[in-house]
Amino acid sequence: MNHDEAEPGLKVVDAFDLDDELRSLLKPGELLRDELGRRHRLPRYFYEIPSHEIALNMRLTSHFAMNELVLNDLREAPRLQQWPRYIPCAVRILANYLEQFRAAAGASVHIAVNGGYRSPSHKHSQYASAHMWGTAADVYRIGSTILKTRDAIEKYNEIAEDVSDEIRVLPYGHDVGKNADDHVHLDLGYVTLVPREISEDRMEQPQEHRPRFAFEERRRKERRAVVAADSET
Amino acid sequence: MVAKAQRLPVPPPQDSVAASEVSLYRNLLKIKDEHALRDLGISFYDAETTVQWSYNADAWFHAASTMKLAVLLGVFREVDRGELALDAPVHVRNRFTSIVNQEAFMLDLGRDADPDVYGHLGKTLSVKELAYWMITKSSNLATNLLVDVIGIPTIQLALDELEIHGIKVLRGVEDQRAFAAGLNNEVTAHGLLKMLRLIAEGTAYSQEACDEMLDILLDQQYRSGIPAGLPKAARVAHKTGNISTVHHDAGIVYLEGRKPYVLVILTQFPAEQGRGTAVAEVSRDIFNTLAGVVYES
């Protein structure tokens with residue numbers, strides 16, 4: 001690898017190494033119940049996004065930037081609205097499915113505010129939902145269609161389900177968490193991702209003399225490729 | 001058009017106040033008859049002369065959009081306490097839940113006055129932007145979003161803390177379930193007057209917070225109420241309220257060279273009649289009374 005390619009990739013952090021406040025908000029490794037009482041362990045490895053500008057420019061796939069999946073409003077904990085922000089590493093998997101969904105829908109896919117990653121401290125986070133794993137997206141608009149009718153939501157739900165058996169959608173309806181009436185909700189379930197660059201042999205406490213983070217090397221090529229493609233247009 | 005002076009420079013002599021009051025009272029009854037108003041409530045306080053006058057000012061009226069003044073107050077209570085930042089982003093979403101049974105409802109955006117807000121559906125607007133559109137264009141969507149952020153109990157708490165007893169805010173806008181259950185927002189002229197006085201005098205919250213509220217109120221874009229009865233040079237920080245059978249306006253009137261006066265005019269009329277010009281006429285009469293000037297017809 002050339003030295004001029006030494007641009008760091010996505011920074012991965014073990015949330016147990018974050019400061020007390022961040023750990024208490026992100027709750028890495030904690031078990032959380034879903035609406036049926038089943039328990040799920042919250043993710044531990046996060047991407048650290050230094051600034052809004054970087055989030056805007058950091059593409060996860062050709063058509064989805066990191067910014068779209070970390071966009072929250074004042075319902076997110078104030079500390080988590082500041083930069084750097086943290087998002088579970090599994091968001092990369094979600095982005096790939098979103099890219100497939102976009103191709104199947106044949107139009108741009110717009111994720112709502114609070115519709116990507118929501119921390120367990122977000123005011124909308126009552127039960128364990130895939131949003132807390134970074135593996136769910138609420139799509140409020142596809143192309144020029146604002147998703148607010150049964151017909152539109154059911155149409156795109158069907159398209160999403162046809163993309164992959166891994167995708168779950170919420171049916172049209174008015175009960176929060178059970179169905180949706182102003183967006184298409186799609187999620188992959190409680191998926192966690194451990195980047196290959198990180199070691200898992202660490203205790204669940206900060207360790208002063210151990211590496212606190214890693215950079216994902218494999219992201220560089222993809223990001224360069226997107227830049228090259230963009231520059232051709 | 002103003003025939004004589006546009007200023008209100010000199011407090012009327014003490015012995016003229018009573019005569020002015022009688023004249024004003026007669027004029028208001030005349031307006032009430034001419035417009036076949038079912039009900040009329042008025043209250044004003046003139047900071048220049050310290051004259052306070054009212055008519056039927058403890059009668060309760062459907063608040064219509066004057067309830068948005070209470071929402072504004074609730075928002076700035078939270079801002080003043082450091083609980084809320086004016087630049088905090090709020091997700092613009094047309095989905096709310098009824099206070100009665102938590103059933104979801106959406107606003108009829110075709111009826112909302114402000115495309116500036118629903119043009120941001122799916123995105124964010126700041127608390128300050130929402131407060132601005134809620135007041136200046138009476139945006140129902142902005143109102144419900146802010147009610148969602150701070151909550152009805154906080155709004156009522158803000159009113160209670162300031163001992164404003166003539167305003168009841170029970171729900172957001174277009175909560176039909178709550179409406180059917182008889183839960184409505186109501187105001188009295190005295191209640192709104194007290195709130196506006198506290199804002200005008202900078203005592204509701206910090207001076208900075210009150211100034212922010214006044215700046216928003218001064219940008220009001222609907223001017224068929226109080227401002228329509230005033231000289232063009234008058235600046236009015238106000239909020240209107242209109243539904244099928246009520247037309248209200250509540251505001252602070254700034255005229256050059258004198259302290260402001262606070263005026264609340266609440267009117268209720270028969271549904272078949274439609275909104276008239278009663279509020280503007282009352283506003284003009286009160287201005288004339290305070291100014292001692294006469295309008296050309």
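Student: How many helices and strands does chain A have?

Tutor: Chain A has 6 helices and 11 strands. Helices (H or I, at least four residues) and strands (E, at least two) are DSSP runs, numbered from the N terminus. Before we go on, this is a predicted model: local features need pLDDT of at least 70, side-chain atom pairs count only at pLDDT 80 or more, and totals for chains, interfaces and linings use all residues. Residues are numbered from 1 along each chain as its sequence is written, chains are lettered from A and ligands numbered from 1 in the order in which they are written, and side-chain values use heavy atoms, with hydrogens and water left out.

Student: OK. What percentage of chain A is buried?

Tutor: Of its 233 residues, 52% are buried. Buried means under 20% relative accessible area, exposed over 50%, partly exposed in between (1.4 Å probe, protein chains only).

Student: Switching to H40(A). Why does it count as buried?

Tutor: Because its relative accessibility is 16%. H40(A) lies in strand β3(A), residues 39-41.

Student: Which side chain does the H40(A) side chain make a polar contact with?

Tutor: That of D34(A), at 2.9 Å. A polar contact is a pair of N or O atoms within 3.5 Å; within protein, one must be able to donate a hydrogen and the other to accept it, and residues adjacent in sequence count only if both atoms are side-chain atoms. Leaving aside neighbours within four places in sequence, H40(A) is in contact (heavy atoms within 4.5 Å) with residues including W133(A) and Y190(A).

Student: Now the interface. How many residues are in contact?

Tutor: 16 from chain B and 15 from chain A. The two chains bury about 1300 Å² between them, 57% of it on carbon and sulfur atoms. That area is the accessible area (1.4 Å probe) that two parts lose on being put together, summed over both.

Student: How many salt bridges cross it?

Tutor: The rule finds 2 between chain B and chain A. It asks for a side-chain nitrogen of Lys or Arg within 4 Å of a carboxyl oxygen of Asp or Glu. R93(B) forms one with D182(A), with the closest N and O atoms 2.6 Å apart.

Student: Which element of chain B gives the most to that side?

Tutor: β4(B), with 3 residues.

Student: Last one. How many residues join β10(B) to β11(B)?

Tutor: 2, in a hairpin. β10(B) (residues 235-243) and β11(B) (residues 246-254) pair antiparallel over 9 bridges. K239(B) has A250(B) as its bridge partner.

How values were computed: Pairing = 2+ DSSP bridges.
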